[in-house]
Amino acid sequence: EMIPAAGQGILCIQGQQKRDYSFLNGFLDAKAEYCATCERAFVRYLEGGCNSPVAAYASIADDRLTLHGLYYKETDGTYITGTKSDCFDHAEQLGIALAHQLRGMHNEK
């Protein structure tokens with residue numbers, strides 16, 4: 001098993017500002033948006049990007065958002081994983097909290 005890179009499997013549409021995209025409203029998946037927000041907050045807090053060895057996977061079940069994350073420290077080749085859950089409307093805070101926790105645990109080693 002492996003934790004995927006953040007945002008894998010989430011489709012996104014990008015458009016120009018000030019255009020009417022209301023015709024896409026039927027395609028919005030609120031749960032996917034919460035998951036993406038959570039995963040992106042995790043990666044952003046760890047200063048990750050497309051080429052960073054950081055992984056995050058969020059899912060929602062029973063109105064709870066669960067994030068599985070991996071933080072890899074390139075300087076010594078070690079990594080740590082963790083899981084944290086909260087209400088789905090706390091998506092960004094959850095991503096930051098798990099990233100903060102993993103970074104702190106890794107620094108204690």
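Colleague: Which residue does Arg 64 stand opposite in S3?

Modeller: Cys 87. This is a predicted model, so local features need pLDDT of at least 70 and side-chain atom pairs 80 or more, while totals for chains, interfaces and linings use all residues. Numbering runs from 1 along each chain as its sequence is written, and side-chain values use heavy atoms, leaving out hydrogens and water.

Colleague: How many bridges do S2 and S3 pair over?

Modeller: 10, with S2 and S3 (residues 78–87) antiparallel. Strands here are DSSP E runs of at least two residues, helices H or I runs of at least four, both numbered from the N terminus; two strands pair if DSSP finds at least two bridges between them.

Colleague: And what about the turn there?

Modeller: That hairpin has four residues between the strands, and Gly 77 takes a positive phi near 75°.

Colleague: New topic: how many aromatic pairs are found in the whole structure?

Modeller: Two. Ring centres of Phe, Tyr or Trp (six-membered ring) must lie within 6.5 Å; planes under 30 degrees apart are stacked, over 60 edge-to-face, the rest tilted. Tyr 21 and Phe 23 are tilted, at 6.3 Å and 45°. Tyr 34 and Phe 88 are edge-to-face, at 4.9 Å and 65°.

Colleague: Where do Tyr 34 and Phe 88 lie?

Modeller: Tyr 34 is in helix H1 and Phe 88 in the loop between S3 and helix H2, so the pair ties together parts 54 residues apart in sequence.

Colleague: Is Phe 88 buried, exposed or partly exposed?

Modeller: Partly exposed, at 25% relative accessibility (buried is under 20%, exposed over 50%, partly exposed in between, with a 1.4 Å probe and protein chains only).
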